[in-house]
Amino acid sequence: MPQEGNQLGTDELVPHAEPHAGHLPPDRAIETQADLSAEINAMRDAYSRGLKDGAPGETQPRLDYPPYRSSILRHPTKSLHHADPETIELHSPAFGHQDVHALESDLTIQHNGEPQGERIIVAGRVLDGDGRPVAGQLVEIWQANAAGRYIHKRDQHPAPLDPNFTGVGRCITGPDGSYRFTTIKPGAYPWKNHLNAWRPAHIHFSMFGSEFTQRIVTQMYFPGDQLFPLDPIYQSIIDQDARDRLVATYDHDLTQPEWALGYTWDIILTGSKRTWTENEALGAAGDEE
Amino acid sequence: MNTTPKLVATPGQTIGPFYGYALPYEKDSELLAPGSPGSIRLQGTIYDGAGEPIPDAILEIWQPDAEGNIVSRTGSLVRDGYTFTGWGRSSSGYTGVYTFTTVNPGPTEPGAAPFISVVLFARGLTNRLFTRVYLPENEEALACDPLLGSLDPERRKTLIARRDPDGGLTWDIRLQGERETVFLDFQ
């Protein structure tokens, strides 16, 4: 809801004690990681068996994924209804440099001092299903600080806040679909899905694309995280290959000497299958000349 | 011509609860300044499967202007109060209510039923959900709409807003239950 000072005050609109605001009923807290892991593994094994029997692979998270407890009352029970996109849905909102300041892509210079933690560069390209760059589009990110804490009233994790880190960035993709952020590696943090639940370190990404049907919000993870098998949100993408698409690659060429480690992560946006027509093909070829 | 994308889409993930400093911004839900000529309020409540309002959801809308033109103007993040960009974002508040100030969308083709495109994000929702909200007027256009025509009458109702006495629109979203909103798959 838009309110005065919204940028910094929206969190106050959600009361601490709100039963549906992230604080699960106490009986849920007795569920252990072992209980949750058994559920996660059973669903994964059933999926593997299905694949062997010829069931189609899944490329997106399951909306109905009970190990992520908050999804139980928040997933549609009916199948998504197929729709052919209409005129408005084949376009997308326009963002430009009027909307985003160039410095918003550096999350380490938003305050008076240096944020605590491990400075990193995260860069990559936003592409469509045909591998064409998605240029001039808005990318928004948000994340916890190095200690695993968000600046948010409802994040009561007793880890330090960093006065020099808000954890919010934006940029507009370049002509080659590229984006680039300088930030701090976020920490893992606990949450209340079950007893001793911890989220792997991640950065939230929001992308628009060139048609409305490409709109996506997702999370980028870091390679080699020991928490992957335990996390119901990451595991809600039940296919291993699909899950792997959310893990960035350490990139030594992107790493800056005596400054920051580099991670590369490309994002593929596909919306409707009407992404490539004869006319568009000619138009795209024309653009390249 | 091969219409199948060659690359597989990146999977979605939940927005989680802690987007408060990142996604909401000043005037995010004001496609037009409230009270300006032709402006209406679009509002509604987002409910979970227990019928409880969801206070930590975000809704985005994307629509043509009142004449049915699709605009491609920048300035949705830094609103000047005059430029209609067709796009807005509203977080649900304490009571699960979202609110936009916008205009009635016009038909993008002659005779087409006007609608507003909607995408929903929330904690607990592992991937975004697309849907549409149609204006209640012009029964003839609604009857000819390909999407509405493909739905049974009870489900069809979930996509049509109610006209309020003040000229605004009210449209609720239900993630589950008897009147579960129709959500769309464009693949």
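The lining of the largest pocket comprises 15 nonpolar, 16 polar and 9 charged residues (Ala, Val, Leu, Ile, Met, Phe, Trp, Tyr, Cys and Pro count as nonpolar, Asp, Glu, Lys and Arg as charged, and the others, Gly among them, as polar). The model is predicted: local features need pLDDT of at least 70 and side-chain atom pairs pLDDT 80 or more, whereas totals for chains, interfaces and linings use all residues. Residues are numbered from 1 along each chain as its sequence is written, chains are lettered from A in the order in which they are written, and side-chain values use heavy atoms, with hydrogens and water left out.

The largest pocket holds about 810 Å³ of space. A pocket is an open set of points on a 1 Å grid over the protein atoms alone, where a 1.4 Å probe fits, with protein on both sides within 12 Å along at least five of seven lines; lining residues have an atom within 4 Å of a point. Among its 40 lining residues, Gln60(A), Leu80(A), Asn127(B), Asp185(B) and Gln187(B) are the closest to its centre. Two or more lining residues come from each of strand S12 (267–269) of chain A and strands S6 (129–134) and S10 (184–185) of chain B (strands are DSSP runs of E, at least two residues, numbered from the N terminus).

Thr101(B) belongs to strand S4 (residues 97–102) of chain B. Thr101(B) counts as buried because its relative accessibility is 13% (buried means under 20% relative accessible area, exposed over 50%, with a 1.4 Å probe and protein chains only). Beyond four places in sequence, Thr101(B) touches residues including Glu30(B), Leu32(B) and Ile40(B), a contact being heavy atoms within 4.5 Å.

Cys171(A) is buried at 8% relative accessible area, and Cys144(B) is exposed at 61%.

Methods: Grid points are joined across faces, edges and corners, and a volume is the space filled by probe spheres set on the points. Helices (H or I, at least four residues) and strands (E, at least two) are DSSP runs, numbered from the N terminus.
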